[in-house]
Amino acid sequence: FLTVEVNGKFYSYNPNGGKIGPSGNPQPIDFTLFNPATRKVGDTVSCVWKEQGFDIEQDVYPVAFTSSGVIVLRVKIINHGPMPLNAQAQYLLDNDNSSPGGQDGQDNPFMLDRYGFIRNWNDCPPNPVPSFYLAFQNNPDSLNVGTVGIGYENDSFPPRPLGLLPLASIEFGNWPDQQYYTWGNPNGSDRSPVLTDEAALMMGSPMIATAYLPGESDSVTEIFRTAYGTPEWCYDHGQIVGFALYPHHITWDPVAMNYTPNPFQVETFLFPINPGGASGVTIRQTVDDPVRIVSPKAVGPKDTTQVQTVGTIYGGGFSDVHWFDSVIVEPSGCTASIPVNIDFDVRASGIDTVFYNPWSCTMSVDCAHPDTSAPGFQNSFFGCDSVQFDTVTAFDNRAFDLGLQDITYSSPDLNASQYAVTITPAPPYQCISTPVKVVVQQIDTFQSGHVIFQFTDCADNLSRDTICFTAHPPVPDGTAPQFFSKTPTINCHSQCTDWNVTDTQKSATSIDRGIDSVVIVTSTNMTVSGIPAGGKFPPATLMATLHICVTDSLQSGSIVLRANDTTHNFSFDTVSYCTTPDATAPIITNSAFDQAASAWHIDVTDSQAWDR
């Protein structure tokens, strides 16, 4: 419920008000705020009530932080008259927490501010108005605290300034009692125990609504601004409730070459659940790179951990522990932002379960030297390759480069059998800075096409290179088949010989395609085997073996062969057989005289080599 006092008159859309605090005397609402003119501009919803000589405007709009958000409520007076107006606003907020879906609402949440837990009426002053208060759906010592709400009462603790106007007072009390007051805090006799319905009554400071003087002064005066939403803070709970406040995003200014904010404060609040409090309490902060703890002085070579002694926290109270941390500028490259862990370890005497879970928090630090350069590459050819091979060297080793992560490739017009790729070393990589050699071979030289490479570095920067192969016309077959003897011989006297016919020569101007046929041109006293029926060999036969023998070894012989290739090149070869002259006389062998037969036996032979 909003109530505004203007020059002693009360304007409100609280339908139940009738008293004034703290006396409790009757004080009806002078003007009920019904049927406002509403409009929505951007993300702001405005309600305007037109009164005599001035307007009351209530605006609500959302503000999103890194991991939370709030609704801001502000109240303005638009003065249409030449005289300034005395104005003040109060807002009665019914604290009601529920989980998403709203099926388990808690109209009496567990309240907490810098003075401790609130379970009944609590007025500030006499204590100074707290900068914030928290509302837990479930008891903070529960395993699940449910939805946690936060009210920011000034700009001390929001993740960024909201332009909040400090309150004159805040009262936590019983909604059914507070709503019957037109203005101010209920007196003691009108205060029932807060059992089922808790609310916060926020009183703004008295303001002067500026007069409207054309050309001299503006007529719009903001008199109230507060915010309520979800906490950006990192918290944990168990037998102690802990809250950590710190900037969740540290930004890098490339012009000023520094971080903002830097250094920055890390503040923790510790609230013991036990009414008896906690003793022997210590708290340790531990941070990750590139954050360092600068005050109090951290321990260790990298200044990343520091423990503070808290001592005793009395029941109903709290402890406030501070550090100052700083972000160092890493000399190496990095990604666009760096997630950084900030962890807290709390110990207390006699308390085993300080927190149900580790108190782990995170923040985001901008990269001072982001790797924004895609991997580089150098191609051995410019334009389309005409020699069937191309070599590419890929690298990611310049200043602030994080190294290569992967190399992939594909072709829009060649299938896998028409080209080959060899990458040394083979991907993927663990952010390597050494160059990688890529060799691409055009296997099908008759087909033109492209091979597209994608190089990815460890910052996910991409570069691409296209290898282009031209189509090569067939090289003609301009050489005839050749004959080679397989049988060692120095003369023509061998009765059988083996021969290879080949068509395998290759050069820049000629490529043999294979033997087509072997034909017997003439033959005298000679036979040949190894020639298929019809003389034709299967396609792409690069070599054939022929077996040639003389028919009658007592007669000379010869055979003339013609070998043809598939493009009609041909060659001849002649294989001859020569008889050997009988130049050795017969051999006569005499035996001894046979007395019994009274005879000599004479053996005559003519059976040596080449004897007839």
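Predicted model: local features only at pLDDT ≥ 70, side-chain atom pairs only at ≥ 80, totals over all residues.
Biologist: What does Cys234 pair with?
Modeller: Cys234 is joined to Cys361, with an S to S distance of 2.0 Å, and the torsion about their S-S bond is about -85°, so this disulfide is left-handed. The pair links distant parts of the chain, 127 residues apart, with Cys234 in strand 21 (residues 234-236) and Cys361 in strand 31 (residues 359-366); strands are DSSP runs of E with at least two residues, numbered from the N terminus.

Biologist: Are those two cysteines buried or exposed?
Modeller: Both Cys234 and Cys361 are buried, where buried means under 20% relative accessible area, exposed over 50%, and partly exposed in between, using a 1.4 Å probe and protein chains only.

Biologist: And what about Cys431?
Modeller: Cys431 forms a disulfide with Cys458, their sulfur atoms 2.0 Å apart; Cys431 is partly exposed at 38% relative accessible area, whereas Cys458 counts as buried at 15%.

Biologist: Switching to charges, how many salt bridges does a search of the whole structure find?
Modeller: The search finds 15 salt bridges, each a side-chain nitrogen of Lys or Arg within 4 Å of a carboxyl oxygen of Asp or Glu.

Biologist: Which residue meets Lys76 in one?
Modeller: Glu57 does, at 3.5 Å from N to O, and since Lys76 lies in strand 9 (residues 69-79) and Glu57 in strand 8 (residues 54-64), the pair ties together parts that are 19 residues apart in sequence. Lys76 is buried at 15% relative accessible area, and Glu57 is buried at 8%.

Biologist: Last topic: which residues make the nonpolar surface patch?
Modeller: Ile588, Phe593, Trp600, Ile602 and Val604 make a patch of about 580 Å². Patch residues have over 30% relative accessible area and no salt bridge, with like charges joined within 9 Å and nonpolar side chains (Val, Leu, Ile, Met, Phe, Trp, Tyr) within 5 Å; accessible areas come from the Shrake-Rupley method with a 1.4 Å probe, and for residues only the protein chains shown count as cover.

Biologist: Where does Trp600 sit?
Modeller: Trp600 is in the loop between strand 47 (587-590) and strand 48 (602-605), and is exposed at 62% relative accessible area.

Key. Residues numbered from 1 in each chain as written. Heavy atoms only, no water. Helix = DSSP H or I, 4+ residues; strand = E, 2+ residues; numbered from the N terminus. Disulfide = S-S within 2.5 Å.
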